[in-house]
Amino acid sequence: MKRFVCVLLLLAPPLAAADPTRLSIDFLTREVPRWQPENHCFSCHNNGDAARALLLARSRGFTIPSEALADTLDWLRRPELWDETRGNPAFSDKKLARIQFTAALAEAVRDGVPARAELLRAAQSLASLQDADGAWNVDTGGMVGAPATYGKTLATSISTRALATAAASLYADRIAKANRWMSDAAPANVLDRAAILWALPDSAAKHVAPLLAAQNSDGGWGPQPHAPSEPFDTAVVLLALASAQGPAHNDAIARGRSFVTKFQLNDGSWPETTRPAGFTSYAERISTAGWAAYALLRTDPERH
């Protein structure tokens, strides 16, 4: 009998590998609701970037426990309170937080959450933060944008998407002004170029070739061409290439997805992308995971 059991075990197929997207969603499901009870405030990394990924996951058919998003959705529906943060002022950027929360609320509306009126109020406040040149200027201290700092170009790209979801016709002039700024901008790095392409898919002829040329042999992208690959930069490039919808991009997207999944940690998160690289940051860890999960969901050919 023992010999027979051993034979069966040897012939049995190996257990299926865990789905990287599901792992990331499980991680975010645990982390998103943790911040408020422990810190008595809401954060742009947990309740903004990470929640946005969970909302997209839910719209793509993943089961998300209601308690994982309940407090976040209640917060997102109250944009008039978003500036009342108890976070460390040295690490708080109220403009960036408003961009991140509005983007998450826009994702909630796209997911079917009945919060259109709240999104319109948030969009009105977000629009008031647009600079005269058409951009949303978020200072990064001279560094390339990171998951918890964005930078001017990514902030402008994601702000225009939020305004378009809120009321594209109402904000047509502001969106057009932002698009002109991005169209005229000279990308200083890979992240800037990807953010522009994500917002302006019609600019593919200008931006796709440089992005493909900047892809590393491991399939990922870094902040500069051929700099070491980072999960965050790779995620934004994947979103950009997917928006351009060119069949020639499929191989690059597949390789980029492979990089993202290969460097996923056992708990479902990723090593945080920081500027400079190699630092430890909970905020960057959660936002990195949010962006990586969001990109995996958006570029999954089986869940479009």
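The largest cavity has a volume of about 50 Å³, where a cavity is a set of points, on a 1 Å grid over the protein atoms alone, at which a 1.4 Å probe fits but cannot get out, and the volume is the space filled by probe spheres set on the points, joined across faces, edges and corners. This is a predicted model, in which local features need pLDDT of at least 70 and side-chain atom pairs count only at pLDDT 80 or more, while totals for chains, interfaces and linings use all residues. Residues are numbered from 1 along each chain as its sequence is written, and side-chain values use heavy atoms, with hydrogens and water left out.

**The cavity**
- The residues that line the largest cavity, each having an atom within 4 Å of a point, include Arg 52, Glu 107, Trp 198 and Tyr 294.
- Two or more lining residues come from each of α6 (94-110) and α8 (152-167), helices being DSSP runs (H or I, at least four residues) numbered from the N terminus.

**Two helices**
- The axes of α6 and α7, which are lines fitted to C-alpha atoms over the stretch in contact, come within 10 Å and cross at roughly 150°, on a scale from 0 to 180 degrees between N-to-C directions.
- The two helices α6 and α7 are therefore roughly antiparallel to each other, a term for angles over 145 degrees.

**A loop residue**
- Ala 132 lies in the loop between α7 (116-128) and α8, and it counts as exposed because its relative accessibility is 68%, the cut-off being over 50% with a 1.4 Å probe and protein chains only.
- Between the C-alpha atoms of Ala 132 and Ser 281, which are 149 residues apart along the chain, the separation is 33 Å.

Methods:
1 Å grid on protein atoms, 1.4 Å probe; cavity = no way out; pocket = protein on both sides within 12 Å on 5 of 7 lines; lining within 4 Å. Buried < 20%, exposed > 50% of the residue type's maximum accessible area, 1.4 Å probe, protein only. Parallel < 35°, antiparallel > 145°, perpendicular 65-115°, else oblique.
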